[in-house]
Amino acid sequence: PLRGFLGRDADSPAEAIETSFAVLLLATQSGTWNIAINEWTPRIDWHRVICPGPYFCGFTRDMRRGDYLEVEGELHALEQERGVVIAGQRFPVKHATYAVHATQIRRLDRPPAVVDTGEDG
């Protein structure tokens, strides 16, 4: 599962039918520890979450930027062809985009803020 914060309000249709879907933009945070300089380097990844069907459209309708969620789903790739211009010539290039197709979404309480007060506590 992915746990993170919404980067913007949920994009959900006002009238949901069987083929409707909502879209969420979820930010997850991770990072790496650089041993050479003894420093944590944080990284934020953005995930496009597709929420299919009228149930998810209704469930996500009141979700707002900053809400903390847990999302389970399947990763889907969509390959599109785009044109790239190099030295005045146009070349077709295949470009993959990825989205998580949600199977389950849970609202979570915000995690407690952790404040580093140093070694002296």
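I began with K94 and E79, which form a salt bridge with their closest N and O atoms 3.8 Å apart. My note on the term: a salt bridge is a side-chain nitrogen of Lys or Arg within 4 Å of a carboxyl oxygen of Asp or Glu. This pair links distant parts of the chain, with K94 in strand β5 and E79 in strand β4, 15 residues apart. I looked up how strands and helices are assigned: they are DSSP runs numbered from the N terminus, helices being H or I with at least four residues and strands E with at least two. Both K94 and E79 are exposed. Here exposed means over 50% relative accessible area, buried under 20%, and partly exposed in between, with a 1.4 Å probe and protein chains only.

I also wrote down where all this comes from: the model is predicted, local features need pLDDT of at least 70, side-chain atom pairs count only at pLDDT 80 or more, and totals for chains, interfaces and linings use all residues. Residues are numbered from 1 along each chain as its sequence is written, and side-chain values use heavy atoms, with hydrogens and water left out.

How many salt bridges does the structure hold? I found seven. One of them brings the side chains of R106 and E70 together, 2.3 Å from N to O. R106 lies in strand β5 (residues 89–107) and E70 in strand β4 (residues 68–86), so this pair ties together parts that are 36 residues apart in sequence.

Is E70 buried or exposed? E70 is buried, since its relative accessible area is 6%. R106 is partly exposed because its value is 29%.

Next I checked E72, whose side chain also meets R106 in a salt bridge, at 2.9 Å from N to O. Again the pair links distant parts of the chain: E72 is in strand β4, R106 in strand β5, and 34 residues separate them. E72 counts as partly exposed because its relative accessibility is 27%.

Last, I turned to T60, found in helix α1 (residues 53–60). T60 counts as buried because its relative accessibility is 0%. Which residues does T60 touch, leaving out those up to four places away in sequence? I listed A10, S12, A22, L24, C51 and I105, where contact means heavy atoms within 4.5 Å.
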